[in-house]
Amino acid sequence: TGHKVEGGMIVARSEQEALSKAISLGFEIGPSGKYDLVQDPDVLDTWFSSALWPLSTQGWPGTDAAQWCSPYYPSHVMETGYDILFFWVARMVMMGQELTDQLPFRQIYLHGLVKDGHGKKMSKTVGNVID
């Protein structure tokens, strides 16, 4: 469970553990303190949930793991940009192996990236995309 403290993030298994960690790090928590301890509402983060994509498209989470392995799982090809090979693809492989004993795809096709005039990847976050 992730708990946010202004200026930081505490990772703990429970609120009590997060509180103990925050106090041990010197944060003054609570009504008389400077900081509040708030649980992060986004508990399934992007990188973790991406690992589940091949399974969630097939009915995960279900009660029967066999239903996740439809005629479409495993797939044949994964097509993606090289920049997320580790962040998404490796996690999909590890999760597929762990939950189904199968690789989620047999081949990975890596494509290039569209970059701006300065050689930087085009990104909405950076603000260098064409609107």
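Predicted model: local features only at pLDDT ≥ 70, side-chain atom pairs only at ≥ 80, totals over all residues.
Me: Which residues of helix 3 are buried?
Reply: Val89, Met92, Met95, Gly96 and Thr100.

Me: How do you know that the buried residues line one face of helix 3?
Reply: Look down the helix axis. The buried residues fall within an arc of 130°, so they line one face. An α-helix has 3.6 residues a turn, so residues three or four places apart point the same way.

Me: How do you know that the length of helix 3 agrees with its residue count?
Reply: Helix 3 covers residues 85-100, which is 16 residues. At 1.5 Å a residue they should span 22 Å. The end C-alpha atoms lie 21 Å apart, so the two values agree.

Me: What follows helix 3?
Reply: Aspartate 101, with a positive phi near 60°.

Me: Why is leucine 110 called partly exposed?
Reply: Its relative accessible area is 37%. Leucine 110 sits in strand 5, residues 105-111.

Me: Which residues make the nonpolar surface patch with Leu110?
Reply: Tyr82, Leu85 and Ile108. The patch is about 330 Å².

Me: Which residues make up the largest nonpolar core?
Reply: Seven: Ile10, Ala12, Ala18, Ala22, Phe27, Tyr35 and Leu37. A second, separate core has five residues, among them Ala51, Leu55, Tyr73 and Met95.

Technical notes
Residues numbered from 1 in each chain as written. Heavy atoms only, no water. Core = buried A, V, L, I, M, F, W, Y, C linked by side-chain atoms within 4.5 Å. Buried < 20%, exposed > 50% of the residue type's maximum accessible area, 1.4 Å probe, protein only. Helix = DSSP H or I, 4+ residues; strand = E, 2+ residues; numbered from the N terminus. Expected span 1.5 Å × (residues − 1). Arc of directions from axis to C-beta. Patch = residues over 30% accessible without salt bridge, like charges linked within 9 Å, V, L, I, M, F, W, Y side chains within 5 Å. Areas by Shrake-Rupley, 256 points an atom, 1.4 Å probe, with all protein chains shown as cover. Salt bridge = Lys/Arg side-chain N within 4 Å of Asp/Glu carboxyl O.
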